[in-house]
Amino acid sequence: MNITINPGAATEDAAQIDSIVSQIQSDMEVLDSAIKRNIPDGIQTSWSDTVKANWESYYSADVPSAMEDMKLSAANLRLAVEQALAYDQEK
């Protein structure tokens, strides 16, 4: 079995995942602020209340979970590169 290791590219991919997650988290904070600022003060309807309730559920559970999964993917990619390089160097 042959393994080709491109550590620079894999490490860059992991850094890009970190950057994307950071940007998503920042954008989610902006969205969260907008929802809290506008519902119900600016928009008071039954559907807006449903939107806010659904958002609060997603924002407190699903969004953080997805962000952590993506961060774990980046960490796993870094670890895989480190382990492959160590194997390659018989460490």
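This is a short exchange about how terms are applied to a predicted model.

Colleague: What makes the pair of W55 and Y59 stacked?

Modeller: The ring centres of W55 and Y59 are 5.0 Å apart and the planes meet at 20°. Centres have to lie within 6.5 Å to pair, and planes under 30 degrees apart count as stacked, so the pair is stacked. The count of aromatic pairs comes to one.

Colleague: Where do W55 and Y59 lie?

Modeller: Both are in helix α2, residues 46-88, and four residues apart, about one turn of the helix. In general, an α-helix has 3.6 residues a turn, so residues three or four places apart point the same way.

Colleague: What is centred on Y59 in α2?

Modeller: A kink of about 45°. The angle is taken between axes fitted to the seven residues ending at a residue and the seven starting there.

Colleague: How do you know what span to expect for α2?

Modeller: The expected span is 1.5 Å times one less than the number of residues. With 43 residues, the expected value for α2 is 63 Å. From its first C-alpha to its last, α2 reaches 61 Å, which is close to that value. After the helix comes E90, whose phi is positive, near 55°.

Colleague: Which residues of α2 are buried, and what do they pack against?

Modeller: The buried residues are S48, K52, W55, V63, M67, A74 and V81. They pack against α1, residues 7-38.

Colleague: Why is A74 called buried, and what does A74 touch?

Modeller: A74 has a relative accessible area of 0%, and buried means under 20%, so A74 is buried. Leaving aside residues up to four places away in sequence, A74 touches A14, I17 and D18.

Colleague: What makes R78 and D18 a salt bridge?

Modeller: Their closest N and O atoms are 2.2 Å apart, and the limit is a side-chain nitrogen of Lys or Arg within 4 Å of a carboxyl oxygen of Asp or Glu. R78 lies in helix α2 and D18 in helix α1, so the pair ties together parts that are 60 residues apart in sequence. R78, at 30%, is partly exposed, and D18, at 31%, is partly exposed.

Colleague: How many salt bridges does the structure hold?

Modeller: Three. One of them joins the side chains of D32 and K36, at 3.1 Å from N to O. D32 and K36 both lie in helix α1, four residues apart. D32 is buried at 8%, whereas K36 is partly exposed at 47%.

Colleague: Why does the pair of E68 and K71 count as a salt bridge?

Modeller: The closest N and O atoms of E68 and K71 are 3.4 Å apart. The limit is 4 Å, so the pair counts as a salt bridge. E68 and K71 both lie in helix α2, three residues apart, about one turn of the helix. E68 has 45% relative accessibility and K71 has 31%, so both count as partly exposed.

Definitions and conventions: Residues are numbered from 1 along each chain as its sequence is written. This is a predicted model: local features need pLDDT of at least 70, side-chain atom pairs count only at pLDDT 80 or more; totals for chains, interfaces and linings use all residues. Side-chain values use heavy atoms; hydrogens and water are left out. Rings of Phe, Tyr and Trp (its six-membered ring) pair if their centres lie within 6.5 Å; planes under 30 degrees apart count as stacked, over 60 as edge-to-face and the rest as tilted. Helices (H or I, at least four residues) and strands (E, at least two) are DSSP runs, numbered from the N terminus. Buried means under 20% relative accessible area, exposed over 50%, partly exposed in between (1.4 Å probe, protein chains only). Contact means heavy atoms within 4.5 Å.
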